[in-house]
Amino acid sequence: MNFFQDRISIFKKRDLLFLESYKESEEVYTFLFQKEKDLTWKAGQYGLFTITNKKIKNSTKPFTIASTPKENEVRLTMRIGDNPSDFKKEMLELKQGMKVRMSGPVGNFYLKDNSPTLLVAGGIGITPFRAILKQIEAEGNEVGKQVQLLYMDSKMSFIFKDELDRIANNSSISVSYLNSRNDLYQEMDHFINLNKNNGRYFIAGSKSMVDSISTHMQNQNVSKKEIKKDAFFGY
Ligand SMILES: Cc1cc2nc3c(=O)[nH]c(=O)nc-3n(C[C@H](O)[C@H](O)[C@H](O)COP(=O)(O)OP(=O)(O)OC[C@H]3O[C@@H](n4cnc5c(N)ncnc54)[C@H](O)[C@@H]3O)c2cc1C
């Protein structure tokens, strides 16, 4: 999806019907919405979501669609702490039958070829990678696709772990759960040494984490154009 397609896509607005929500872990919640037949996206893309049932400040925010179109639902998974913003308060207040507006999908955070690929997630930055791994699983071409996911969470609260493990067990995808920066950098450097600029690199998480990992990769001579970033501001 290029810049112009994104611009067209961003004007496509639709109201999504809320189905249910549940807690994934201490500070993480998933919200499921009905997927309309004509809605589609590439695994890893995001939408702009707007609270419409109440007037609030900052009523529109970007969130990754953490599901694939094949799952037939739009899944948003977000971190909600003790002191939620008005937007997140309203998300927690959603009841069956209520609606949230979506614009998009947008973004170029999705796999484009079969090159060896390193996915690096920091905490809630796992959301696009859940979609990407589910997509590989759904396409049934997981054998031979060389994909390595490094999932770092200092609190070791690894959401989606069961699903990710199941996909990894049935494919050539490898998933490592890490809680220290040292281990993360060691694993990254191993991949970089093996694949250099034949590899594709995807990083998602807080802006500071994404920036520091991207800088590290570039210091290891990975070309900037091979690094795709989803920086979640606000964390
Ligand atoms: C491409 C992209 C994809 C993203 N995907 C995801 C995703 O999948 N999951 C996800 O969780 N995030 C995602 N984000 C980040 C998301 O868009 C928000 O920026 C993030 O969730 C912070 O929003 P917020 O409403 O908590 O905080 P903000 O409004 O940015 O506020 C930050 C903090 O300030 C405090 N605060 C703000 N308003 C109030 C208030 N009224 N009362 C009390 N305290 C307040 C809260 O502690 C809050 O956590 C993504 C961002 C981008 C750019």
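1. A search of the whole structure, which is a predicted model, finds 17 salt bridges.

2. Glu24 and Arg75 form a salt bridge in which the closest N and O atoms are 3.7 Å apart. Because Glu24 belongs to strand 1 (residues 13-25) and Arg75 to strand 5 (residues 73-79), this pair ties together parts that are 51 residues apart in sequence. Glu24 counts as partly exposed, at 25% relative accessibility, whereas Arg75 is buried, with a relative accessible area of 7%.

3. The side chains of Glu90 and Lys54 also meet in a salt bridge, at 3.4 Å from N to O. Glu90 lies in helix 2 (residues 86-93), while Lys54 sits in the loop between strand 3 and strand 4 (60-64), so that the pair ties together parts that are 36 residues apart in sequence.

4. Asp113 and Arg200 make a salt bridge through their side chains, at 3.2 Å from N to O. Since Asp113 is found in the loop between strand 6 (99-106) and strand 7, and Arg200 in strand 10, the pair ties together parts that are 87 residues apart in sequence. Asp113 counts as partly exposed at 31% relative accessibility, and Arg200 likewise counts as partly exposed at 23%.

5. Beyond these pairs, a network of salt bridges links Glu71, Arg130, Lys134, Glu137, Glu163 and Arg166.

6. Thr50 is placed in strand 3 (residues 46-51) and counts as buried, because its relative accessibility is 16% and the cut-off for buried is under 20%. Its side chain is joined to that of Thr60 by a polar contact of 2.8 Å. With neighbours within four places in sequence left aside, Thr50 is in contact with Ser59, Thr60, Val100 and Arg101.

7. The largest nonpolar core has 26 residues, and Leu119, Ile126, Phe129, Leu133, Leu149 and Tyr151 are those with the most contacts inside it. Strand 7 (117-122), helix 3 (127-139), strand 8 (147-152), helix 4 (161-169) and strand 10 (200-206) each give two or more residues to this core, and helix 3 supplies the largest share, five residues.

8. Leaving aside neighbours within four places in sequence, the residues in contact with Phe129 include Phe109, Leu119, Leu149 and Phe202. A second, separate core has 21 residues, among them Tyr29, Trp41, Ile80 and Val100.

Note on methods. Residues numbered from 1 in each chain as written. Predicted model: local features only at pLDDT ≥ 70, side-chain atom pairs only at ≥ 80, totals over all residues. Heavy atoms only, no water. Core = buried A, V, L, I, M, F, W, Y, C linked by side-chain atoms within 4.5 Å. Buried < 20%, exposed > 50% of the residue type's maximum accessible area, 1.4 Å probe, protein only. Helix = DSSP H or I, 4+ residues; strand = E, 2+ residues; numbered from the N terminus. Contact = heavy atoms within 4.5 Å. Polar contact = N/O pair within 3.5 Å; in protein donor to acceptor, adjacent residues only side chain to side chain. Salt bridge = Lys/Arg side-chain N within 4 Å of Asp/Glu carboxyl O.
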